[in-house]
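Dear colleague,

Please find below the structure for your review. My notes on it follow directly after the model.

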Amino acid sequence: VQLQASGGGLAQAGGSLTLSCAASGSIFVLQTMTWYRQVPGKERELVAGITNRGVTHYADSVKGRFSISRDNAKNTAYLQMNSLKPEDTAVYYCKALAVIHDSTYIQPFWGQGTQVTVSS
């Protein structure tokens, strides 16, 4: 399973960006998709996640500003980031839990990071 993250870039404080994470490959079941972020010297932290039934959860730091969604037909998750703050600057990673064909267990898969930089 490959995860392709895109949509990062530079935004001003108060602005918006939308990240996409597209999963491809030998997917039998694509379960929870999650966005994490990491800044140098700090641990990777969970930002938002969404189950394949649309149940969402968010880090307190982004509640009310970020919105996660997914298109199951496209195996793609989105992270709409509004009211961006300089402290949102990080490399954003997507993660998916999936069952691949000819397998019976759930595995985690990670995409490459996409840089989000928010200027003040």
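**Salt bridges**

At 66% relative accessibility, D60 counts as exposed (buried means under 20% relative accessible area, exposed over 50%, and partly exposed in between, with a 1.4 Å probe and protein chains only). This residue, D60, forms a salt bridge with K63, and the closest N and O atoms are 3.1 Å apart. The term salt bridge stands for a side-chain nitrogen of Lys or Arg within 4 Å of a carboxyl oxygen of Asp or Glu.

Before the remaining findings, two remarks on the source are in order. This is a predicted model, in which local features need pLDDT of at least 70 and side-chain atom pairs count only at pLDDT 80 or more, while totals for chains, interfaces and linings use all residues. Residues are numbered from 1 along each chain as its sequence is written, and side-chain values use heavy atoms, with hydrogens and water left out.

The structure holds four salt bridges. R37, E45, R65 and D88 are linked in a network of such contacts. R37 is buried, with a relative accessible area of 6%, whereas E45 is partly exposed at 36%. R37 also forms a salt bridge with D88, with the closest N and O atoms 2.9 Å apart. Because D88 lies in the loop between strand 8 and strand 9 and R37 lies in strand 4 (residues 27-38), this pair ties together parts that are 51 residues apart in sequence. D88 counts as buried, at 1% relative accessibility.

**Disulfide**

How many disulfides does a search of the whole structure find? The search finds one, a disulfide being defined here as a pair of cysteine sulfur atoms within 2.5 Å. C21 is joined to C94, with an S to S distance of 2.2 Å. The link of C21 and C94 is right-handed, with 65° about the S-S bond. C21 belongs to strand 3 (residues 17-24) and C94 to strand 9 (residues 90-100), so the pair ties together parts that are 73 residues apart in sequence. C21 counts as buried at 1% relative accessibility, and C94 counts as buried at 1% relative accessibility.

**Sheet and hairpin**

Four strands form an open sheet in the order 1-3-8-7, with antiparallel pairing. Strands (E, at least two residues) and helices (H or I, at least four) are DSSP runs numbered from the N terminus; two strands pair if DSSP finds at least two bridges between them. Strand 1 (2-6) and strand 7 (66-71) are the edge strands, each pairing on one side only.

Strand 7 and strand 8 (residues 76-81) run antiparallel and are joined by six bridges. The bridge partner of F66 in strand 8 is M81, and S67 stands opposite Q80 in strand 8. The covered face of strand 7 consists of F66, I68 and R70, and the uncovered face of S67, S69 and D71.

Strand 7 and strand 8 form a hairpin with four residues between them. N75, in the turn, has a positive phi of about 50° although N75 is not a glycine. N75 is partly exposed, with a relative accessible area of 24%.

S83 likewise is not a glycine and has a positive phi of about 50°. This residue, S83, is placed in the loop between strand 8 and strand 9 and is partly exposed, with a relative accessible area of 40%.

Yours sincerely
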